[in-house]
Amino acid sequence: MSNDPYALATEAATALKSATGVDSFDVALVMGSGWVPAADAIGETISEIPVTDLPGFAPPAVAGHAGRVRAVLTGSGKVALIFLGRTHLYEGRGVDPVVHGVRTAIKAGAGTIVLTNAAGGLRPETQEVGEAVLISDHINLTGANPITGATFVDLTDVYTPRLRDLVREIEPSMAEGVYVAFRGPTYETPAEVRMCRILGGDMVGMSTALEAVAAREGGADVLGISLVTNPGAGLVGEPLNHEEVLEVGRATAARMGGLLAEVVGKL
Ligand code: HPA
């Protein structure tokens with residue numbers, strides 16, 4: 001195995017193609033906490049393997065993150081790669097494993113990356129638990145970046161406007177918002193949540209931003225969707241827990257899966 005993260009992604013893409021029997025993927029979707037049950041609605045499974053069968057993938061650390069990757073044929077004839085779970089920065093393995101799935105998918109042909117996550121809602125005045133929000137932009141407070149060296153990637157449109165328009169053709173009422181990424185694994189303090197609101201954030205979570213940056217560096221288009229699973233800490237006085245996040249995911253799986261299936265169909 002190579003130490004160069006880009007070479008490792010090329011190795012993983014080669015292994016992925018031979019393990020799944022698929023030569024090239026049109027799109028890749030990363031299913032975050034609570035989104036895994038939605039994957040079944042996206043299309044017919046061609047094959048599925050544990051990600052750990054591929055070079056560079058670590059076993060998952062979180063319940064609800066299955067750590068498998070599935071090749072799917074959608075109703076519209078597209079071939080999708082679906083990561084059932086992701087690696088997070090808080091697992092302590094560094095940044096490269098966090099973005100390895102995205103880099104591998106791009107090397108395996110995917111020109112569009114769909115990133116999903118569970119998030120705390122920073123605007124309970126207008127957001128409801130169980131609502132999907134389109135990510136329009138992010139604020140990266142993880143202190144990390146997947147790119148090393150003087151590669152000055154433009155992030156003006158990190159979440160591709162054309163893809164957001166396409167989702168709004170399907171769901172005209174879907175809200176857009178700015179995703180604030182923390183390293184975790186703690187949930188935020190109420191003071192941090194208030195800070196994020198002042199900074200212009202609408203959702204808060206522990207993923208997505210680094211993967212979006214890596215996808216843009218790799219030349220892919222990015223669509224990001226947050227499932228609001230709880231109001232941010234301190235906004236309603238209830239403590240937060242991971243089980244509640246997963247429960248909202250289960251309750252909304254059919255709706256979110258249907259949405260993703262339609263989106264992939266229109267790509
Ligand atoms: N904060 C961070 N990550 C999350 C949250 C939250 O409130 N809800 C789901 N994932």
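Reply: With residue classes. Ala, Val, Leu, Ile, Met, Phe, Trp, Tyr, Cys and Pro count as nonpolar; Asp, Glu, Lys and Arg count as charged; the others, Gly among them, are polar. Keep in mind that this is a predicted model.

Me: How does the lining of the largest cavity divide by class?

Reply: Its residues are 11 nonpolar, 4 polar and 3 charged. The cavity holds about 160 Å³ of space. Of its 18 lining residues, Phe57, Phe83, Gly85, Arg86 and Thr87 are the closest to the centre.

Me: Which element gives the most to that lining of the largest cavity?

Reply: Helix 2, with 5 residues. Strand 4 (79-84) and helix 2 (95-107) each supply at least two.

Me: How many cavities of 30 Å³ or more are there?

Reply: The count is 2.

Me: Now accessibility. Is Arg164 buried or exposed?

Reply: Buried means under 20% relative accessible area. Arg164 has 13% relative accessibility, so the residue counts as buried.

Me: Where is Arg164 placed, and what is Arg164 in contact with, leaving aside neighbours within four places in sequence?

Reply: Arg164 sits in helix 3, residues 161-170. With those neighbours left aside, Arg164 is in contact with Leu134, Ile135, Ser136, Tyr159, Glu176 and Leu223.

Technical notes
Residues numbered from 1 in each chain as written. Predicted model: local features only at pLDDT ≥ 70, side-chain atom pairs only at ≥ 80, totals over all residues. Heavy atoms only, no water. Helix = DSSP H or I, 4+ residues; strand = E, 2+ residues; numbered from the N terminus. Buried < 20%, exposed > 50% of the residue type's maximum accessible area, 1.4 Å probe, protein only. Contact = heavy atoms within 4.5 Å. 1 Å grid on protein atoms, 1.4 Å probe; cavity = no way out; pocket = protein on both sides within 12 Å on 5 of 7 lines; lining within 4 Å. Points joined across faces, edges and corners; volume = space filled by probe spheres on them.
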